[in-house]
Amino acid sequence: MNILDEILANPILRELQDLLENQTAKGITKYPNTVNVDDYSLSGWVKHAQEESLDKLVYLTCMKVKATEMEMKIDKLLSVARFYAHPQTYAWIDNTSRYFPSDIEDDKGNKARKVLEELGYESY
């Protein structure tokens with residue numbers, strides 16, 4: 001298998017190749033040519049890399065915020081799932097509270113609906 005076949009067979013490498021092709025197309029549209037080592041001096045390339053690195057840090061920080069929000073949603077959903085799914089004689093909603101099967105039956109899905117609504121999802 002040659003390199004191109006490897007890239008095409010691997011979805012990660014294929015996505016990176018697509019990104020490079022798309023970024024190159026954008027660059028050609030915006031500038032008269034692709035990257036040229038003579039476009040900047042050494043200090044110019046360093047400055048350009050610093051600016052791009054700062055942009056990357058902004059993007060990573062946004063990703064961190066989104067990941068934290070997602071983890072909080074998952075934690076809420078897991079607490080409700082534990083409430084309804086515990087197979088023993090009681091169900092844990094967290095590490096300190098326990099609920100008996102009658103509590104779960106009496107709830108009629110209200111805890112789940114409330115959490116889904118808090119998270120911005122439709123409840124049924």
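The legends below describe close-up views of a predicted model.

**Figure 1. Overall view of the protein and its helices and strands**. The model shown is predicted. The protein contains five helices and two strands. Along the sequence, these elements come in the order α-α-α-β-β-α-α. The protein has 124 residues, and 10% of them count as buried. Its accessible surface amounts to about 10600 Å², with 60% of that belonging to carbon and sulfur atoms. Among contacts with a separation of 6 or more, 27% are between residues 24 or more positions apart.

Figure 2. Helix α2 covers residues 11–30. The 20 residues of α2 should span 28 Å at 1.5 Å a residue, and the C-alpha atoms at its ends are 28 Å apart, in agreement with that value.

**Figure 3. Close-up of a nonpolar patch on the surface**. The patch is formed by I12, L13, L16 and L19. Together these residues have about 380 Å² of accessible area. I12, one of the four, is located in helix α2. I12 counts as exposed because its relative accessible area is 56%, and the cut-off for exposed is over 50%.

**Figure 4. Close-up of the salt bridge between E51 and K47**. A search of the whole structure finds two salt bridges, and the pair of E51 and K47 is one of them. The side chains meet at 2.6 Å, N to O. Both residues are in helix α3, which runs over residues 42–85. E51 and K47 are four residues apart in this helix, so about one helical turn separates them. In general, an α-helix has 3.6 residues a turn, so residues three or four places apart point the same way. E51 is partly exposed, with a relative accessible area of 38%. K47 is partly exposed as well, with a value of 49%.

**Figure 5. Close-up of the salt bridge between E118 and K76**. The side chains of E118 and K76 meet at 3.0 Å, N to O. This pair links distant parts of the chain, with E118 in helix α5 (residues 110–118) and K76 in helix α3. The two residues are 42 residues apart in sequence, while their C-alpha atoms are 9.5 Å apart in space. The side chains of E118 and K76 are also joined by a polar contact of 3.0 Å. E118 is partly exposed, at 45% relative accessibility. K76 is likewise partly exposed, at 37%.

**Figure 6. Close-up of L119 and its contacts**. L119 is in the segment after α5. L119 counts as buried because its relative accessibility is 11%, and the cut-off for buried is under 20%. Apart from neighbours within four places in sequence, L119 is in contact with K73, K76 and L77. M70 is 49 residues from L119 in sequence, and the C-alpha atoms of M70 and L119 are 10.0 Å apart in space.

Note on methods: Residues numbered from 1 in each chain as written. Predicted model: local features only at pLDDT ≥ 70, side-chain atom pairs only at ≥ 80, totals over all residues. Heavy atoms only, no water. Salt bridge = Lys/Arg side-chain N within 4 Å of Asp/Glu carboxyl O. Buried < 20%, exposed > 50% of the residue type's maximum accessible area, 1.4 Å probe, protein only. Patch = residues over 30% accessible without salt bridge, like charges linked within 9 Å, V, L, I, M, F, W, Y side chains within 5 Å. Areas by Shrake-Rupley, 256 points an atom, 1.4 Å probe, with all protein chains shown as cover. Expected span 1.5 Å × (residues − 1). Contact = heavy atoms within 4.5 Å. Polar contact = N/O pair within 3.5 Å; in protein donor to acceptor, adjacent residues only side chain to side chain.
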